[in-house]
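Here's a quick briefing for anyone opening this structure for the first time. Have a look at the sequence and the model, then read on.

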Amino acid sequence: MTTTIERLLSEMTLDEKIGQLNLVTAGQAVTGPIGNGDISENIRAGFVGGVLNIWGRDEIRAAQRLATEETRLGIPLFFGLDVLHGYKTIFPIPLAEAGLFDPLAWERSARVAAAEAAADGLDLTFAPMLDVARDPRWGRIAEGPGEDPLVASVFAKAKVRGFQGARLSGRSAVAATAKHFCAGGAALGGREYAPVDISERTLEEVYLPPFLAAVEAGCAAIMPAFNSLNGVPMSMHRDLLTGRLREEHGFSGLFISDYTAIAELVEHGVAASLVEAAALALRAGVDVDMVSGVYVGGLKQALERGLVDLGDIDGAVRRVLKLKNDLGLFDDPYRRLGATEIAQHETNALALDIARRAVTLLTNKGVLPLSPKLRRLAVIGPLADARGEMLGPWSAAGAPENCVTILEGLRNALPDAEISFHPGCGINDDDRSGFEQAKAICAASEAVVLCLGEAAGMSGEAASRARLTLPGVQRQLAEEALSTGVPTVAVLCSGRPLIIGELAEKAGATLAAWFLGSQAGAAVAQVLTGRFNPTGRLALAWPRETGQIPVFHAQRSSGRPFNATNPFTSKYIDLSPEPLFAFGHGLSYSQARLGNLRVSPSAFSFAEAGEIMVEAEAVNEAGALVEETVFLFIHDIAASVAQPQMALKAWAKVSLAPGETKTVKFNLARESFTLLDRDLKPRFEAGEFEILVGLSADRSALLSIRTRAFE
């Protein structure tokens, strides 16, 4: 195919070359502030290389026909869409799905999404989103795998495998786009699009690893972030894009800009004109301009002014043509249209299984599971019968009418119970007129399920929140329900942790139900009624108050770590420094107990081959099957550079029948004990290491053992 690409390059005019670098929006989905209007004439003229935000077999076939039959060279288009957590079948948002800690499930949901999207003609998804995020004020935390770089790296590989399949030319494969490179989750104040200012160490240890994992997995494309990083906007960051990813790590795919991000280099204050912006982005390595039209409008002038070389343009065009070839579009531009989809009953079953496994039981004072003898149940709150909200942000072609609400799920699960419903209030308004009726329903019931939280649009892009409390008057509605004294379960639907300290304290149980997708209501009902023993674990720490942010498990110690008996230690005078719920937290109806932690060998040399084995015994002392996630952290006790108090190095899943005991095993590579030295180079250092194993990052509940490493 190299010959074909070079032949096309030799035949293309400069305008046609630049057209291949132009990605336009057709406007079926609103994913940015501007659109491109009617794109038909530009396609016919050969000035468009790809289209986003269009789907459907007729629509894509018509657009592709314009490119392949009515242009001079007949070069096919590629079609992209933000397919983040499902296409037609909508799975839990990534932050919730990360809580499964199950790479196979992550891969399987991406495979279903790819198959459904490909059958509608899509070639590329702008996913996975790999921004490590430790600030839930940032709305896009919903789209990613949480706070830990190891989790994000494993998530990255699973999603790339799922989207792209065994080969990119497969009819049900779509190209994966790892985004947003890099450190978008560290946006100042949690504000969308805001600058990022972090140390080089934090960049190397936290934010780069997931993208390097995506490159290793063979992702077809990478999207630079909107933000600037230490003063350099990512859309012009040549050192990281071309230097680090292409030259150092061998990334050979496309760099696709974010929506109008190249034009925004002017607003960043690094380009005096759109022509300069086009030149800066292209020279940095950005191949494709999404929507802004800056390449089409500015690259010819940039070439005339000597700001770019023709070789820069040709290199980008080669990479676009190579992706189209890898996708099989030159062989058959319609190859994905009508591809065999996975049967709907299979996708629904998978969506239900992943959704129920994503539900996180935060607290339980014996109220759950609901008694099978329950006769009168009150279902209260604005999220109880909110069909569309269950899908969450970025729900692609998901149809609200195909979504199961929590109210429906409970009615199906409890057919013999009298279930009374009232929303009580809206999601984000101050209307309390429904309080009295909602309270009366609660008082007349044996139990209350209180469904609270955010609207789907309150998370995702451009949805940063300074206040993470329940929106509107939902807190006051909760107080009315709780005042009846009837056992109450709070079910929280959201794309981020919310500030719920008082609610968690007073409610009989609290569940993080996130946005669970098409089968949300059925999943919640199975957990509430005990048909499914909850297994979801938090992929990020849950703060007590907004003022704690960021709070995460891998912090470094200060010289004066918190000590409740000493006022002159690192703390707040008005709040515990610990999160409300630690990373990895999640209860079940039959919690396992860990013991007998051991490590072999007890001392080892970095010069020798072999792995370090860590084992612990897990026992289920309760009367129900339980699935646990067991985490392993390492703390380098004394190093040349201060290390995190707990660095996640591995996790394992274990299923235990009632009364069963199993040995949980971890085989750690010696690289697990390396650090980045003062020059940010990987290094082995002799010394003592603490190995911690447990069911969350709550240090007080972890088992601990030490091992020593020698040079």
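Trp 394 counts as buried because its relative accessibility is 16%, where buried means under 20% relative accessible area, exposed over 50% and partly exposed in between, using a 1.4 Å probe and protein chains only. Bear in mind that this is a predicted model, where local features need pLDDT of at least 70, side-chain atom pairs count only at pLDDT 80 or more, and totals for chains, interfaces and linings use all residues. Residues are numbered from 1 along each chain as its sequence is written, and side-chain values use heavy atoms, with hydrogens and water left out.

**The loop between β12 and α16**

- Trp 394 sits in the loop between β12 (376-380) and α16 (406-413); helices (H or I, at least four residues) and strands (E, at least two) are DSSP runs numbered from the N terminus.
- The phi of Trp 394 is positive, near 55 degrees, even though this residue is not glycine.
- Ala 396 is in the loop between β12 and α16 too, and has a positive phi of about 50 degrees without being a glycine.
- Is Ala 396 buried or partly exposed? With a relative accessible area of 23%, Ala 396 is partly exposed.
- Thr 405 also belongs to the loop between β12 and α16, and it is buried, with a relative accessible area of 0%.
- Not counting residues up to four places away in sequence, Thr 405 touches Ala 384, Asp 385, Ala 386, Arg 387 and Gly 521, contact being heavy atoms within 4.5 Å.

**Leu 84 and its contacts**

- Leu 84 is found in the loop between β3 and α5, and at 7% relative accessibility it counts as buried.
- If you set aside neighbours within four places in sequence, Leu 84 is in contact with Pro 94, Phe 126, Ala 127, Met 129, Glu 143, Lys 179 and Trp 394.
- Leu 84 and Val 527 are 443 residues apart along the chain, and their C-alpha atoms are separated by 25 Å.

**Cis peptide bonds**

- Ala 127 and Pro 128 are joined by a cis peptide bond, with omega about 10 degrees.
- Pro 128 lies in the loop between β4 (124-125) and α7.
- Another cis peptide bond runs from Lys 179 to His 180, with omega near -5 degrees.
- His 180 has its place in strand β5 (residues 175-181).

**Helix α4**

- The 13 residues of α4 (residues 57-69) should span 18 Å at 1.5 Å a residue, and the end C-alpha atoms are 17 Å apart, which agrees; the expected span is 1.5 Å times one less than the number of residues.
- Which residues of α4 are buried? They are Ile 60, Ala 63, Gln 64, Leu 66 and Ala 67.
- Seen down the axis of α4, these buried residues fall within an arc of 150 degrees, so they line one face of the helix; the arc is that of the directions from the helix axis to the C-beta atoms.
- An α-helix has 3.6 residues a turn, so residues three or four places apart point the same way.
- Asp 58 and Glu 69 are exposed, on the other side of α4.
- The cover over the buried residues of α4 includes α3 (40-44) and β3 (78-81).

**Helix α6**

- Helix α6 (residues 103-119) has 17 residues and reaches 24 Å from first C-alpha to last, close to the 24 Å expected at 1.5 Å a residue.
- How many of the 17 residues of α6 are buried? The number is 12, and α6 is mostly covered.
- Among the buried residues of α6 are Trp 106, Ser 109, Val 112 and Glu 116.
- The buried residues of α6 pack against α4, α5 (94-97), α7 (149-164), α15 (344-358) and β21 (647-656).

- The structure holds 6 cavities of 30 Å³ or more, and the largest cavity has about 90 Å³ of space.
- On a 1 Å grid over the protein atoms alone, a cavity is a set of points where a 1.4 Å probe fits but cannot get out, and a pocket is an open set with protein on both sides within 12 Å along at least five of seven lines; lining residues have an atom within 4 Å of a point.
- Of the 13 residues that line the largest cavity, the closest to its centre are Trp 138, Gly 184, Glu 192, Phe 226 and Asn 227.

How values were computed. Grid points are joined across faces, edges and corners, and a volume is the space filled by probe spheres set on the points.
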